[in-house]
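Reader: Please show me the model, and then let us go through the terms used to describe it.

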Amino acid sequence: MTTSLIDLIGNTPLVRLQHIGRGLSVPIFVKCEHLNPGGSVKDRLAKAIILDAEESGRLKPGMTLVEATAGNTGIGLALLAAARGYNLVCVMPEKMSVDKRLALTSMGARVVVTPNAPLSSVDNFKNVAKRLAEENGWYLTDQFCNPVNVRTHEVTTGQEILDQTRSNVGVFTAGAGIGGTISGVARRLKEQLADVKIVLADPLGSSLAGLINTGVLGMDGSYAIEGIGASEPPANLHCEQIDWAETVSDEESFAMVKRLIREEGLLVGGSSGTNVAVALRIASSGKVKGPVVTILPDAWDRYRAKPWMQNL
Ligand code: PMP
């Protein structure tokens, strides 16, 4: 018996892909973060940030939380806010799907939509969230800089992967939005496994792959995949942990989502396609000895109104 919703977060299954990559010398394993109660990897972060803030006394009953979010952190925070009695305001750039926006308002959160503005602009979603926190005395959960983000992935996601693979991982690959997932998992795996390689899966148009591979930020372009990639490295992305980066076009990511849904029965969103496209590339290269492990960050339901999902 589970006593509360919070206990359902994490400990997600690690599944071996059955069709994608069949016949290759190394298996591909996917960690099903889309099966968390809020449907994404971000439930882990929401839980860790709220519990940490409560324990330190900074968060008091009835307070209002505010966060800049692509949507998934907001949904995780909305679950926690409902379960533990907080109000929630989510600041989202307009690029993010209407489905995520609707989910948040259905869960009782207030959504503030900002233009898709760069960090240098006062209208950027992170700047707006910070300003709202200062002006109203709200609690900024600050997923971008909060060190709890990386730590929770180190002690939960990373440790679970070690346990579930019996410490047999050749390569771990994942995209980075804020960088918490890849940085935390990398830290735990590299601590325990001398030869493991960590590979960033980056959308074509993001600047991060260039930074990892050449030391210079790549060109800042646009792409449709949500939740990963950035024009500059977020504070929670620990680049020194990453061995190299692979770039994936929107088309390749969407084609891989279609395969995950139709061939594997894994009902996932766009960034899962990016991650598995890179996992397949690496497993096919013949250069890795151990299994390739990646993350399925979120579920397909939050992209149903997007043209790419309707055209799968
Ligand atoms: N995929 C999706 C859909 C996301 O929303 C996020 C979080 N922004 C990620 C992947 C990446 O997670 P992280 O922020 O831990 O890098």
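Author: The count between domain 1 and domain 2 is 3 salt bridges. This is a predicted model, in which local features need pLDDT of at least 70 and side-chain atom pairs count only at pLDDT 80 or more, while totals for chains, interfaces and linings use all residues. Residues are numbered from 1 along each chain as its sequence is written, and side-chain values use heavy atoms, with hydrogens and water left out.

Reader: Why is the pair of Arg-44 and Glu-33 called a salt bridge?

Author: The term requires a side-chain nitrogen of Lys or Arg within 4 Å of a carboxyl oxygen of Asp or Glu. The closest N and O atoms of Arg-44 and Glu-33 are 2.8 Å apart, so the pair qualifies.

Reader: How do you know where domain 1 and domain 2 run?

Author: Their bounds come from an automatic or database domain assignment. Domain 1 is 5–35 + 153–310, and domain 2 is 42–140. Their C-alpha centres lie 24 Å apart. The contact (heavy atoms within 4.5 Å) takes 26 residues from domain 1 and 16 residues from domain 2.

Reader: What area do domain 1 and domain 2 bury between them?

Author: About 1700 Å², with 56% of it on carbon and sulfur atoms. Buried area is the accessible area (1.4 Å probe) that two parts lose on being put together, summed over both. On the domain 1 side, Ile-6, Ile-9 and Arg-302 lose the most area to domain 2, together 40% of what that side buries.
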